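Have a look at the sequence and the fold first, then read on.

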Amino acid sequence: MSKYCSYCGNELAKGESICQKCGRKVEDTNATISVVSGIIGIFFSGIVLGIVAIVEANISRSKNDKHFSSTAKRGLVLGVIDIVGVIIAIIIRHYVG
Ligand SMILES: [Zn+2]
């Protein structure tokens, strides 16, 4: 699947995050949503936000020729941390409380 620069319409090469024609950074909305959900999920121990982060990272990957951008990777890791954090919290509450 080809991607195009949202500023000048130039066709972008695989995994390219900066447009060769106008030099602007190409927006990866799904990866951004993934990272934001992952970060909020850590503070609110949100398993749903963790799942959102993982799903959005994978959407970003499929749009990016099955390649995780650095932002998508961050979102994915944050999503996993969210979910693992919630599971650990449940286990601790089960044995301590
Ligand atoms: Zn451009």
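## How α2 meets α3

In this predicted model, α2 passes α3 in a left-handed crossing. Their axes come within 8 Å and cross at roughly 155 degrees. An angle over 145 degrees counts as roughly antiparallel, and α2 and α3 are therefore roughly antiparallel to each other.

Which residues make this meeting between α2 and α3? From α2 come I47, L49, G50, I51, A53, I54, E56, A57, S60 and R61. They meet A72, G75, L76, L78, G79, V80, D82, I83 and V86 of α3.

## How α2 meets α1

Now for the other partner. α1 and α2 have axes 8 Å apart and pack at an angle of about 160 degrees. That makes α1 roughly antiparallel to α2. The crossing of α1 and α2 is left-handed.

On the α1 side, the residues in contact are N30, A31, I33, S34, S37, G38, I40 and G41. Their partners in α2 are L49, G50, V52, A53, E56, A57, I59, S60 and K63. You will find L49 and G50 among the α2 residues that meet α1, and L49 and G50 are also among those that meet α3.

## A closer look at α2

Helix α2 covers residues 47-63, 17 residues in total. From its first C-alpha to its last it reaches 24 Å, close to the 24 Å expected at 1.5 Å a residue.

Which residues of α2 are buried? They are L49, G50, V52, A53, I54, E56, A57 and S60. The cover over these buried residues includes α1 (29-43) and α3 (70-96). As a reminder on helix geometry, an α-helix has 3.6 residues a turn, so residues three or four places apart point the same way.

## The chain as a whole

Stepping back, the protein chain has 3 helices and 2 strands, and along the sequence they follow the pattern β-β-α-α-α. The radius of gyration is 17 Å, well over the 13 Å that the globule rule gives for 97 residues, so the chain is more spread out than a compact globule. Along the principal axes, its C-alpha atoms fill a box of roughly 60 × 20 × 15 Å.

Buried residues make up 28% of the 97 residues. Of the contacts with a separation of 6 or more, 51% are between residues 24 or more positions apart.

Key: Residues are numbered from 1 along each chain as its sequence is written. This is a predicted model: local features need pLDDT of at least 70, side-chain atom pairs count only at pLDDT 80 or more; totals for chains, interfaces and linings use all residues. Helices (H or I, at least four residues) and strands (E, at least two) are DSSP runs, numbered from the N terminus. The radius of gyration is taken over C-alpha atoms; the globule rule is 2.2 Å times the number of residues to the power 0.38. A residue is buried if 20 or more other C-beta atoms lie within 10 Å of its own, exposed if 12 or fewer, and partly exposed in between; C-beta atoms are placed from the backbone. Two residues are in contact if their C-beta atoms, placed from the backbone, lie within 7 Å. The expected span of a helix is 1.5 Å times one less than its number of residues. Axes are lines fitted to C-alpha atoms, for helices over the stretch in contact, and angles run from 0 to 180 degrees between N-to-C directions. Angles under 35 degrees count as roughly parallel, over 145 as roughly antiparallel, 65 to 115 as roughly perpendicular and the rest as oblique. A crossing is left-handed if the near helix is turned anticlockwise from the far one by less than a right angle, and right-handed if clockwise.
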